[in-house]
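Here is a short report on one chain and its ligand. Keep the structure in view as you read.

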Amino acid sequence: MDSLLFNDAFTRLEAETIAHELKYGSGYHIFEKALSPEAVTALTNIVSRDSLLVNSNNLGYVRAYWTKYLSHTLALSKECYDIITSERIRGICRDFFDSPFKISNQRIYETHTRSHLPWHTDNNLQAGNAYNGKHDLPGIMFLFYLSDVSDTNPFQLIADSYKWSEQNTERFFSDKFIEQNYKDDIVTVRAPKGSLIICNTHLIHRAEPFNRPGFKRLTYLFQIDEISTQHEGHGEKILLNPAFVSETSPEILTYLGFGSKAEYPAFPETSVSTMLPNDIVSLQKDILPKAVKGLAFSFARRIIPGSIVNAIRKKIHKGSI
Ligand SMILES: O=C(O)CCC(=O)C(=O)O
Ligand SMILES: [Fe+2]
């Protein structure tokens, strides 16, 4: 299965060497074109085919300002499930962690036009949606580019910074602090789609801020953390399609979060108020005809006997109206 998802060179790479780099080396590893073109296409398609969720009983994407998020990748995509549970990824985890580990979050997101995500680490605790300090559990963040990334909005990291990042207990590091002290340690990842960036979660990183109308970057990210009774409930609630699960060893079930509490809501918190005016207008265009249809039905139900309404509905479903 791994061979269909990943390119051959990535399949041969030593998990132990990567884990060592994350834990004792510079804290990151970059692998260009780790995903096969077919896997990149499959992941790209799951974002484009779904429509925005409005009173929908299905899973899909949401919008938060200039970013579109699809949070429940393990429920929606067999390819995502296969990547997360692949021997490649779990092999790196096995060599990195000394204790059991599990998935803390996962999402595909598309950022467009502008963004300013400040320098930060990913060893965060939450109380509900709110930031609630840093933890010292070991963790790994896996980030796949699903778009070619060059000068606009590349992922940036500070080599070695996992060794000292705990000095700061605030959520973010200021641009000025990094610029003045660690400018020379910044690594900027310009790489083609399918590339994988693996980071120790204590490593300082960001997406370089940008403001460029028309630009889009699609990304797949997930994070694996050590399980600790000290931080019960750590991690986002995971929705999983059981049809994807072929292997049910204790290791994989623990890894997927079976039996562990996970109390954070899916990221980010959204509502109609996090949509941009343009998105609200296109949403109205989409829902207005449906709303008119709904109102017409509601009116018809009041004046026409139920049996006739049902007969009309049946015809509509069959496509004869
Ligand atoms: O998209 C990126 O380049 C970084 C995202 C990130 O660091 C995060 O979501 O925590
Ligand atoms: Fe991050």
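The shell around ligand 1 is made of four nonpolar residues, two polar ones and one charged one. (Nonpolar means Ala, Val, Leu, Ile, Met, Phe, Trp, Tyr, Cys or Pro; charged means Asp, Glu, Lys or Arg; the others, Gly among them, are polar.) The model is predicted: local features need pLDDT of at least 70, side-chain atom pairs count only at pLDDT 80 or more, and totals for chains, interfaces and linings use all residues. Residues are numbered from 1 along each chain as its sequence is written, while chains are lettered from A and ligands numbered from 1 in the order in which they are written.

Which residues surround ligand 1? They are Leu117, Asp122, Phe155, His205, Ala207, Thr219 and Leu221. A residue is near the ligand if its C-beta atom, placed from the backbone, lies within 6 Å of it. Two strands, β13 (205-207) and β14 (210-226), each supply at least two residues of this shell.

Now the whole chain. Its secondary structure comes to eleven helices and 16 strands. These are DSSP runs, numbered from the N terminus: helices are H or I with at least four residues, strands are E with at least two. Of the 321 residues, 32% count as buried. Buried means that 20 or more other C-beta atoms lie within 10 Å of the residue's own; exposed means 12 or fewer, and partly exposed is in between, with C-beta atoms placed from the backbone.

The domain assignment gives domain 1 (2-273) and domain 2 (277-318). Such bounds come from an automatic or database domain assignment. The contact takes four residues from domain 1 and four residues from domain 2. Two residues are in contact if their C-beta atoms, placed from the backbone, lie within 7 Å. The C-alpha centres of the two domains lie 40 Å apart.

Next, the core. The largest nonpolar core has 60 residues. Such a core is a set of buried Ala, Val, Leu, Ile, Met, Phe, Trp, Tyr and Cys residues joined through C-beta atoms within 7 Å. Ile84, Cys93, Ile140, Phe142, Phe144 and Ile198 have the most contacts inside it. Strand β8 gives the most to this core, with six residues. Phe144 touches Leu35, Leu196, Thr219 and Tyr220, not counting residues up to four places away in sequence.

Helix α3 (residues 15-23) has Ile18, Ala19 and Leu22 buried. Seen down the axis of α3, its buried residues fall within an arc of 100°, so they line one face of the helix. The arc is that of the directions from the helix axis to the C-beta atoms. These buried residues pack against β1 (28-31), α7 (87-96), β8 (139-145) and β12 (196-200).

Finally, some loop residues. Val149 and Asn153 are in the loop between β8 and β9. Lys33 is in the loop between β1 and α4 (37-49).

| Residue | C-beta atoms within 10 Å | Class |
|---|---|---|
| Val149 | 22 | buried |
| Asn153 | 23 | buried |
| Lys33 | 18 | partly exposed |

Most residues other than glycine have a negative phi, and most peptide bonds are trans. Lys33 has a positive phi, near 50°. Asn153 has a positive phi too, of about 60°. The peptide bond from Phe267 to Pro268 is cis, with omega near -5°. Pro268 is found in the loop between β16 (262-264) and α10 (277-303).
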